[in-house]
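Hi everyone, thanks for coming. I'd like to walk you through one model today, with the picture up on the screen as we go.

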Amino acid sequence: MSLLIDLVRAARERAGKRRVLVYCAGLETLGELEAYGAMDLDGDLDGLPRAEEGAAEILVLARTATDVRRAASLQSLLAMAPRVVVAVLETPHWYTAPVLSPTPAHRWRALVELRVHQPKQPAWVVEAGFSKPVPAGRTLAATARAFGGHRMDAVAGPVGALAGPGAAHWRPGDPNAAPAPLTGPVPDRFGARGADLVVRTVGEEPPPWSGVETTGETTVDRPVAELMTWERLGRPGGGKILENGIGDLSEPWTIPPVDSRSVNPMNFVTVPTLGTADLSSESGRWTITCDGGTLTSFDASGRVTDVDVSRIRQVRGVRVDWRHSHTGPAAALRVVTGLAAAGVPLICETVPRWAGALGPELARLITSIDEPALKDDLEREEHSIRLRREALRLHGVRARWEQLGAPVAPAATVSVLLVTRRPEMVGFALRQLSRQRGATFEVILALHGVPATHPGVAEALASFERPITVVEADQQTVFGTVLNQAAARASGSFLLKMDDDDWYGPDFISDLLLAHSYSGAQVVGMVPEFVYLASIGVTVHREQITEQITNFIAGGTIFSERSAFEAVGGFRPLPGTIDAQFQHAVQAAGGQIYRTQGLGYILRRGNVANHTWREPIGTFLRRNKRQWRGFRPSALMELSTETP
Amino acid sequence: MTGTGFATPDTASPTSPAHPSDDRTAVPRAAVRHNDYGSLLPPDLGTWEPRLRVSVVIPAHDCQEALDRTLAGLAAQTYPAHLMEVVVADDGSDPQMRVPEITPANTRLVRVPEGRWGRGWARQTGATAAAGDILHWVDSDMVLDTEHVEAHMRWHHLLSYAVVMGDVRFTPGGIGPSADEVFSAVNARDAEKLFDESTPHEWRAGVLEETRWLRDAGTGAYRLHSGATTSVPLTLLRSVGGVNTTLNMAEDTDLGFRLAQAGAVFIPDPRARGWHLGPSTVMIREKEVHRHNWSVLPDLIPDLRWLRTHPRRTWLVPYVHVVVDARDASYEDVRASVDSALAGTLVDVAVTVVGPWTDLPTGRRPSLDEPLLDLRLVRNLYAHEPRVSFTEEAPADSAPAPFRLTLPAGWALGAESLAELVELAEREEYGLLSVALDEGPSGVRSARFERTAAFARAALVSGDGRRSLGSDPDGDIDGDIDSDIDSDIDGVVHELFGSLWVGAAEVGVTTAGEAEPVAGDTARWRADSARRKREAESLRSEVKSLRAETERLRAKNARLEDELRRGSLKKIISTARLRGKTG
């Protein structure tokens, strides 16, 4: 905090008698900052200076990068200044410097000075100087983007308007959002209505909304935080708020979403060093304690930040104690959904009646496993994966707005590139694809030196019920070229290279899509954590670090944005090593490769007779976490253990 | 009273007339993992129907008074008299031992043969005379509580490879109770009052406490084996060759070790109560006992590593038995394997070379052109190396050596390979380590590192008594592992002890061509270099764990700072409030 005060004082000194504006996000109390006129972006926004107003300097002070992203949704409200400072008090240790990346657009030409520094770990400060006053919101949005690896920050879907205190909790990380006054209307945008859907945070008796008749946008009223404390709910008539009033919490759409770009499974620890922790109410706030120490305390709003997640990564699991905390049921539900989205292994015996917003599946999952089961690293990770899948899909920002009434965006399309020289493997490979769920995809099957009329192939194709295109390549064509030919026939916005003899879990493709959505990487894949060594009949579980940006993923799991694939020209025209070549090219071009959890993939390391393995079998026997005799897929593979 | 023994099946067994003899001795094939017998649920005492016969064997030497007490205690057992015999083995007593009045119905006296003497001989003489299914050793200065034998026997009805040990307390000594007193007290279930000042053996009690009564003791459980009151199936005892008759002390420790190699599970039963009259010799003269026994045991028990610290000398029982098959292998390949096995840092190793040695002609022959030339050269080279032996077929097992390595000819061990394999096997008490050497069209070639106890127990559990060893003479191509019997026994070993595959490089195994020469002091510097490499590896992992620690501390630091910040904030707020009130 003293760091922030120092920043404000320094700005005031520089400004002399000129005005310095201070905006805050995620700070629990403004404290001393109040003396400097600090404005809370999570509070009442109707009193903010108008965006056209000017100041000598503008500071945006946030507790974490998660809070920066939420503030960025309100960026258009911020005033103008020739000097903008964005400070973040705490970031996870693995974050890199948030260096802004100005585009050549006219609006960035005024930038004349940029300083990104760490006055004190783990804080980051961005100071941008301009030759003339510019909207401070641009620097704020650019800082949010810089923390997220410079991927475009947006929420897929129509424009959302945010009105009322704390409304930005409903749509974090969207600089395209339209802040609006509590009673409306949403300011017009280029002669059209300013938003298509409005979320408004209101008290028990919401004021009327002006504008629906003329502009036709939909409004959804949700309660302000103060309405949802147990103390308030406990007063006479308070029960009604929960039952059928504005405080209804019976379904997922009733609570703010999880900012999955910021709170997600990244840097999940598969072999934790701490025991099981407790999530319970301490001095009225949700707190995670382990072995008598406090690991993190959550904000009264219940929003989980990247820092909270980072602090509890080493715990084996978290027991949820649902007893009342005075911050109320909505905050409790937000903490639990946020932790679940981050893959924190949550357990509890029962879920209270008022927790319907979790969704039935999440409620089932949390109670599906007990503490002894978490002692097994693999079972713990399986539980984590089930939780994060459900939480990310049900409680993500885009999903939430669709639940609120935004039109459902079309599903991403994936083209699976499958090259084979072995007609006898076509049936096996297509079976792996037939059981995929939760993803829309087509298959481009490239037969390398095998005619499509081969009986084995024809039979397999006949029983395959998804869109499939068959490409024939002659024996002489090199492997890389065959893949590129297959890619040329693909129509999806993502390309996924799969192998013909590996096992894929039924959520393989949807897990990759999920990892792509939260990681920000252009290329996503898995490492061969599980390998079946066919020649000795042993399944090994190898020590691997997952859920992080990496330089290697398995060749049978390369999932790439089409644009990244095209940017590097696809695969090299070589007979082998093309996977490594491709990954090298992507990184050289400034792209990122993300390695997600590997429990949905089993590499088959067959007999040398059928395959030219560059890696001797001993390589797969090194650093084994565990070995099993026979075929032993993880539970997520949903396969029997019969020897294949 | 001598020569009674058990009644014949026709007249005996009123408790189980319906059982033919086979059924009478049948014991379920229970699978016990390591030494964790927790899965066995013995019946409560007095509530079950025994079938097995027990021979209580008491070695005795000049101790009539003590023997009278011991027999008096045995005469008051709850175990059915018709299923129990007592064999007193008189080890040259003067005057000779006699069977007293108060004694179990079937009590016999046997004598150690003329010219023989000692506890080993006494035990073995008793064992030879024993006619029961189970042999129960009892020392002559012991008093067993009334349910003692029954407590032992309930385990033997559940498991065919159990070695059960009674719970012995030691009296301070002095004049013991008379045989009459013992009989009536034991009979009245009131024996405890005779020995109210008794204490447990401290070291033993400590081990039991630490290991959940040996359930967690693993392969070291045999170290609690003593002859004071211990029972063992006679078939198991005979399969290990009985008692070592050359020993007058430590014969029970040696026997325990060999039983362990035969797959035995050691079960201490607290309900099998007994009292030892006076402190044991170990208690009185511990140092001298150790001084003596530690001159005998290092030859016999390779497992006692601290007794085998000499860098070069040879011992009777090797720690690792290496088997190299010379059939269809070149002289150079066999030599590389055998030499490397003899040149490691683990020196108490023995090598057996398998080949058709009797086919080597003895008559005049062309020295450079004889048909089995390579075999001849191998024979020549190792003819006088005491650690190398020759056999026609791989021996069925390596007992009492605790480990066997089957190494294909042409593969060489690194200086530390055997030491590393032992360490790896001991880490989780694995029964089998398979070292993947190379891979051909027909499968993976492997070296097998087997725990003798694990394969012995697997054979007992699977019941066919066949060992996997030898059925795969090349010890290598496991191309189709599902098809042969090996995988069955390997599967059982995996269930009982666990098994693991490792890469050749991980344990320093290379081809003969890549191997370092074993000349001169290379063993030492090879070991050095291997150690350095390992140190580097462990330092790397230390760096990793320190990094994790840093991360943890960083998080903690952040938390503390946060608390600090909040703390000061609280102060500010309270100060502000105070001001508000006062102002």
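Gln64(B) has 15 C-beta neighbours inside 10 Å, so it counts as partly exposed. The rule is that 20 or more other C-beta atoms within 10 Å of a residue's own make it buried, 12 or fewer make it exposed, and anything in between is partly exposed, with C-beta atoms placed from the backbone. From the C-alpha of Gln64(B) to that of Leu236(B), 172 residues along the chain, the separation is 31 Å.

A word on what you are looking at. This is a predicted model, in which local features need pLDDT of at least 70, side-chain atom pairs count only at pLDDT 80 or more, and totals for chains, interfaces and linings use all residues. Residues are numbered from 1 along each chain as its sequence is written, while chains are lettered from A and ligands numbered from 1 in the order in which they are written.

How confident is the predictor? The complex gets an ipTM of 0.83 and a pTM of 0.86. For chain B the average pLDDT, the predictor's per-residue confidence from 0 to 100, is 89, and 88% of the residues score at least 70. Residues 9-20 of chain B fall below 50, and beyond near neighbours in sequence that stretch has 10 contacts in the model. Contact here means C-beta atoms, placed from the backbone, within 7 Å. Residues 465-485 of chain B also stay under 50, with 49 contacts beyond four places in sequence. Where pLDDT is low, the predicted coordinates should not be read in detail.

Now chain B as a whole. It holds 16 helices and 18 strands, and 47% of its 583 residues count as buried. Of its contacts with a separation of 6 or more, 80% are between residues 24 or more positions apart.

Which helix of chain B has 11 of its 11 residues buried? That is α8(B), residues 251-261, so it is largely enclosed by the rest of the structure. Just after the helix, Gly263(B) has a positive phi of about 100°.

Next comes strand β9(B), residues 265-276. Here 10 of the 12 residues are buried, so this strand too is largely enclosed by the rest of the structure. Strand β6 (residues 162-170) of chain B runs parallel to β9(B), joined by 8 bridges; for strands to count as paired, DSSP must find at least two bridges between them. In that pairing Val168(B) stands opposite Gly274(B). Strand β5 (residues 142-144) of chain B pairs with β9(B) in the antiparallel sense over 3 bridges, and Val143(B) has Trp275(B) as its bridge partner.

Over to chain A, and its open sheet of 8 strands. The order is β18-β17-β16-β19-β25-β21-β26-β24, with mixed pairing. At the edges are β18 (468-473) and β24 (548-550), each with a single partner strand, so one side of each is left without a neighbour in the sheet. Neighbouring strands are turned by 25° against each other on average, direction ignored. Axes are lines fitted to C-alpha atoms, for helices over the stretch in contact, and angles run from 0 to 180 degrees between N-to-C directions.

Within this sheet, β21 (residues 523-525) and β26 (residues 593-595) of chain A run parallel, joined by 3 bridges, and Val524(A) has Tyr594(A) as its bridge partner. Helix α18 (residues 578-588) of chain A packs on the sheet, touching β21, β25 and β26, and its direction makes about 120° with that of β26(A).

Finally, where do the chains meet? The contact takes 28 residues from chain B and 26 from chain A. On the chain B side, α16(B) gives the largest share, 10 residues. By class, that side has 14 nonpolar, 5 polar and 9 charged residues.

Terms used
Helix = DSSP H or I, 4+ residues; strand = E, 2+ residues; numbered from the N terminus. Contact = placed C-beta atoms within 7 Å. Nonpolar A, V, L, I, M, F, W, Y, C, P; charged D, E, K, R; others polar.
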